[in-house]
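Reader: I have not seen this structure before, and I would like to be taken through it step by step. Could we begin as soon as it is shown?

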Amino acid sequence: MIRKAIRDKLLADAAVTADLPDYDFGGVEGTKKAIFAFDSVDEVPPQDAKHECIIIRPVDSEEFDTRGDHGGRLFYSVTLHVDRTRRNSRNLARLIWLSLDKSSLTHANFNIYGVLVDPPVAGGDRTAFPEYRMELTCLVEAK
Amino acid sequence: MSKQAGFEGAVDINGVELDLARDAQLSINGEMIDVTARDSKGWEENIYGINSWGLTVTAVFKEGDATLAVIRNALLLKTELNDVRYIYKDGEGFKGGAKVESIGAPQPFRDAATYEIALVGNGAVAAVTGQS
């Protein structure tokens with residue numbers, strides 16, 4: 001629901017995007033920094049996307065509303081796919097964490113609050129490419 | 001009247017729904033006076049004493065919310081909430097006047113800030129039928 005808000009926050013952070021490669025998203029969006037926001041946990045970046053790139057995926061959600069407002073607690077993963085030749089990726093993962101943790105995210109249809117991000121954890125995807133993964137949690141209420 | 005979930009009910013304060021409420025619980029208590037004596041044949045005996053009622057509500061804190069302000073001011077200014085209603089989905093429930101005994105305001109680091117409100121009835125609680 002708020003993956004675009006997370007993506008927009010990262011795209012607006014010059015410290016995060018400085019070292020990210022561009023990607024041609026096509027259509028209206030055109031060429032932007034390689035930050036992908038997916039609907040599904042199974043989606044992967046296009047094969048022509050260069051590393052490093054950032055992938056935002058929904059993980060889970062649960063009820064958190066009041067008697068008057070619709071709301072929820074949302075869980076997202078933010079993953080930095082890393083080029084094996086890059087040595088500065090750990091610092092980029094740190095910058096992503098600092099950009100999102102306790103940040104203000106804006107959305108047309110929801111008020112978003114309580115944005116917390118766990119520090120990045122190094123790992124590898126199924127193709128053994130290294131990655132840094134962070135878990136983002138926030139509360140939302142319908143405007 | 002059908003079965004229903006808790007979120008389908010409402011807490012109204014002076015005619016306005018406290019729509020930030022999450023959990024709410026009404027308690028109606030009858031005080032027991034122990035009159036057990038040697039003629040009680042081994043069983044405790046009680047008679048009714050004074051009844052009382054109270055309401056506890058956990059509400060998500062929201063800056064500038066008018067109904068939370070009414071509750072907060074009632075405690076700070078030591079005034080009564082004249083019309084407190086605890087209503088089920090179909091309008092049945094209870095109503096009465098109450099005073100604000102306490103407002104807890106936790107700010108858990110990884111969760112939403114809330115108000116934990118304890119109201120104590122002032123006088124009788126009356127049953128509400130339908131939208132009366």
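Reader: How many residue pairs are in polar contact across the interface of chain B and chain A?
Author: The model is a predicted one, and the pairs counted here have both residues at pLDDT 80 or more. Across the interface of chain B and chain A, the number of residue pairs found in polar contact is eleven.

Reader: Which element of chain B gives the largest share of the side that touches chain A?
Author: By class, that side of chain B holds eight nonpolar, two polar and seven charged residues. Four residues of this side come from one element, which makes the largest share, and that element is strand S3 (residues 21-34) of chain B.

Reader: What area is buried between chain B and chain A?
Author: The size of an interface is often given as the accessible area lost when the parts come together. Here 17 residues of chain B are in contact with 14 residues of chain A. Carbon and sulfur atoms give 47% of the buried area, whose total is about 1,300 Å².

Reader: Which residues of chain B lose the most area to chain A?
Author: Together they account for 40% of what the side of chain B buries, and they are B:Asp19, B:Arg22 and B:Arg110.
Author: Side chains of opposite charge can pair when their charged atoms come close. In the salt bridge of B:Arg110 with A:Asp118, the closest N and O atoms are apart by 3.4 Å.

Reader: Why are A:Asp8 and A:Lys4 separated by about one helical turn?
Author: The side chains of A:Asp8 and A:Lys4 meet in a salt bridge, with 3.0 Å from N to O. They are separated by about one helical turn because, in helix H1 of chain A, their spacing is four residues.

Reader: At what angle do helix H1 and helix H3 of chain A pack?
Author: H1(A) passes H3(A) in a right-handed crossing, and the contact is made by A:Ile6, A:Lys9 and A:Leu10 of H1(A) with A:Ile96, A:Ser99 and A:Leu100 of H3(A). With their axes 10 Å apart, the two helices pack at an angle of about 115°.

Terms used:
Residues numbered from 1 in each chain as written. Chains lettered and ligands numbered in written order. Predicted model: local features only at pLDDT ≥ 70, side-chain atom pairs only at ≥ 80, totals over all residues. Heavy atoms only, no water. Contact = heavy atoms within 4.5 Å. Buried area = accessible area lost by both parts, 1.4 Å probe. Salt bridge = Lys/Arg side-chain N within 4 Å of Asp/Glu carboxyl O. Polar contact = N/O pair within 3.5 Å; in protein donor to acceptor, adjacent residues only side chain to side chain. Nonpolar A, V, L, I, M, F, W, Y, C, P; charged D, E, K, R; others polar. Axes fitted to C-alpha atoms, helices over the stretch in contact; angles between N-to-C directions. Left-handed = near helix turned anticlockwise from the far one by under 90°.
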